Every structure is written in structure tokens, then in C-alpha cells.
Amino acid sequence: MSETTEVDIAIIGAGPAGYTAAIYASRAGYKTVVASGLQAGGQLTVTTDVENYPGFAQVVQGPWLMEQMRQQVENVGAEIIAETITSINLSKRPFLARADSGRTFRAKAVIVATGATARWLGLASETRFRGFGVSACATCDGFFFKDKVVAVVGGGNTAVEEALYLTNHASKVYLIHRRDSLRAEAILQDRLFAHPDIEVIWSTEVLDIDGSTVPFPAMTGLRVRNVRSGVCASLAVEGLFVAIGHTPATDILAGQVELDREGYIAVTPPNGVRTSVPGLFAAGDVADKTYRQAVYAAGMGCAAALEAAYFIASAG
């Protein structure tokens, strides 16, 4: 028979949102458990230089920052389990969550902070140069491409917004799209086409990423192909930003909570962390498809914990 643990607040996910929620929940006196899943620390564990998180005058490393958060969570008394929640029953309270070990948790409130993963092109070279020229977040990494030539792949709002943002840093931005028209909103397209530092390359796909790996990985260009003519070419760029969408980690919630048309958890004002299920809260990239910043995720984690505490106190 599997072990069932009674907790006040169960937090699913251990990135900035999950860890911050755990700090606030535990400090408020609630018995709190954090299921970290396979990637404790979230996307920051695969991020090298972090220089936009408040409180650090010098650049810090993503894994180090998340390790500090983990230790803080443990220091305030929350329990972190290196397990993945595979199912959750939201039909009645307390909610029942089951981990891959077979262990179950009965919780008065649940905070989902499972994040979202960027969709990639699927190239072997993309993995090799990720973090060394290849990125999925212009606001995170654009600063490192000051006065350099970069490319963005995609055709939706995110791709156009990334391209426009990168003009604040890069000397030239190519927008590569495999179709002959964009899906982005008209106002964004107008800004894109009017910008002198952006060039759109239509009907083209990225075949490979060129570069060297000695003494450290550094990309030098792209190999591209026109999907209409089949003609291949080389494009000299030092950065590639993949903007073809994100996939929120909401599989375990399917059919139990309201999701938007892109699969993100739908949250309601005024605090932006309440879901369609009373007692279930969402924080971080699993609900935020606009900013996708660690500091914003942490703020949502704080709000989710405070809302969960208020819910438990009100429910009696």
C-alpha cells in the first residue's frame, strides 16, 4: 500500500516560481512539500550567465542561483522531494497527488509551477551551441549580442517581438520564416517591416548551425534552404534565437482545469494566479506566456503562496 502524506500546500515544480512559493508558504506556518520533478531548478539550471535577477551586482550562474533558492527552501522548513507528480485528482478537496514512486500527497491547496519548455528546431548542432549562440529568449540573452548580427526563426507574435527587441542590441537582425507571410498581428508586422535593421528572409528553413567547439562552442553562421527553389545558402550570424513557441507542462491537469487555446493554465485577476478550480493556483511559465522571466515567475510564486494561505484560512 502506498504511503499518503498529509500536507497543507503541495507545490508541483521547483523553478523560481515553485521555490518562492515554498518559501512564503512555509514561513507562513503551512506544512509544505515541493515535488521537484526531473529538473529541479527549472530552466535556470541550463542557463549560464544571469545578470538580470535583482540582488546581485555581478553576473551569477543559473545553477548556483537555483541551488541557493533550494537551500533557502529547506532552511525555512519545506520538504523537497526529487519525484515527479504523475497524476492529481482535483474533483474534491483535499486534492490527491500521486508521485512516480507511488507515494501520494493529500493537500488542502496545490500550486502548479511546472513551467513551459521552448520548442526547438531539432538539430543536433542546435543542442551543441545552446547557450553559446543559440537561445530561445531574447530578453534573457540579447544583451550578449551587442553590435553583432543575429537571426530569429519563426513567424508569430513572439518571433516578431524577439526580432524587434534584439534591435536594441544587435547591429542587424534576420527574421527567417519558412512561409511567405507572417502570422503575427498586423501592428507588429508594420513595426517589423519599417525597422531599418531587420531583414526578413522568406520561405526559408534552417538546415544546420556552423561554428567551432574549440576552445569553447561558438557559432559562426547558418546553413539555410529556400523551401520553394531548394537553393541552399550560408548566412553569417553569431546568434540564433528560436521563436517557434513553447509547450506548457500541463498534461496532468488535462480535463480538470481551464486551459487557454495554447495549453497554458488560465488564471484570473486580480492577482493572476487563481485558476478555475478553487484551491488550485498556478505560477510561472505554466501560466505566463508573455514575460517568461525568472523574477516575474518568482513574483507569481509569492502571490500563489499568499493566495493559497488565504484560501486555506477561509475554507476552515
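**D147 sits in the loop that links α4 (138-141) to β11.** The model is predicted: local features require pLDDT of at least 70, side-chain atom pairs count only at pLDDT 80 or more, and totals for chains, interfaces and linings use all residues. Residues are numbered from 1 along each chain as its sequence is written, and side-chain values rest on heavy atoms, with hydrogens and water left out. Helices (H or I, at least four residues) and strands (E, at least two) are DSSP runs, numbered from the N terminus. D147 has phi near 65 degrees, a positive value in a residue other than glycine. With a relative accessible area of 58%, D147 is exposed; the term exposed means over 50% relative accessible area, buried means under 20%, and partly exposed lies in between (1.4 Å probe, protein chains only).

**S203 occupies the loop between β13 and β14.** Its phi is near 50 degrees, a positive value in a residue other than glycine. The relative accessible area of S203 is 5%, so S203 is buried.

**Five strands form an open sheet in the order β10-β17-β11-β12-β13, with parallel pairing.** Two strands are taken to pair if DSSP finds at least two bridges between them. The edges are held by β10 (134-135) and β13 (198-201); each has a single partner strand, so one side of each is left without a neighbour in the sheet. Strands of a sheet pair through backbone hydrogen bonds, either parallel or antiparallel.

**Strand β11 (residues 149-153) runs parallel to strand β17 (residues 239-242), joined to it by four bridges.** V153 stands opposite V242 in β17. β11 also pairs with β12 in the parallel sense, over five bridges. The bridge partner of V153 in β12 is I176. Four of the five residues of β12 are buried, and the strand is mostly covered.

**Helix α5 lies across β11, β12 (172-176), β13 and β17.** Relative to β11, α5 runs at about 170 degrees. Axes are lines fitted to C-alpha atoms, for helices over the stretch in contact, and angles run from 0 to 180 degrees between N-to-C directions.

**Helix α5 (residues 157-166) and helix α6 (residues 186-194) have axes that come within 10 Å and cross at roughly 35 degrees.** α5 passes α6 in a left-handed crossing; a crossing is left-handed if the near helix is turned anticlockwise from the far one by less than a right angle, and right-handed if clockwise. On the α5 side, N157, V160, E161, A163 and L164 meet L188, R191 and L192 of α6, contact meaning heavy atoms within 4.5 Å. These residues divide into five nonpolar, one polar and two charged. Ala, Val, Leu, Ile, Met, Phe, Trp, Tyr, Cys and Pro count as nonpolar, Asp, Glu, Lys and Arg as charged, and the others, Gly among them, as polar.

**Helix α1 (residues 16-27) and helix α2 (residues 62-75) cross at roughly 25 degrees, their axes coming within 9 Å.** That angle makes α1 roughly parallel to α2; angles under 35 degrees count as roughly parallel, over 145 as roughly antiparallel, 65 to 115 as roughly perpendicular and the rest as oblique. The crossing of α1 past α2 is left-handed. P16, Y19, A22 and I23 in α1 meet M66, M69, R70, Q72 and V73 in α2. This contact comprises seven nonpolar residues, one polar and one charged.

**Strand β1 (residues 4-12) pairs with β2 in the parallel sense over four bridges.** I12 stands opposite A35 in β2. Both faces of β2 are covered, with T32 and V34 buried on one side and V33 and A35 buried on the other. In a regular strand the side chains alternate between the two faces of the sheet.

**S36 is found in the loop between β2 (32-35) and β3 (49-50).** S36 counts as buried, at 8% relative accessibility. Leaving aside its neighbours within four places in sequence, S36 is in contact with A14, I80, I81, A82 and E83.

**Cis peptide bonds join V214 to P215 and P269 to P270.** For the bond between V214 and P215, omega is about 0 degrees, and P215 lies in the loop between β14 (204-212) and β15 (218-226). For the bond between P269 and P270, omega is about 5 degrees, and P270 lies in the loop between β18 (246-248) and β19 (280-282).
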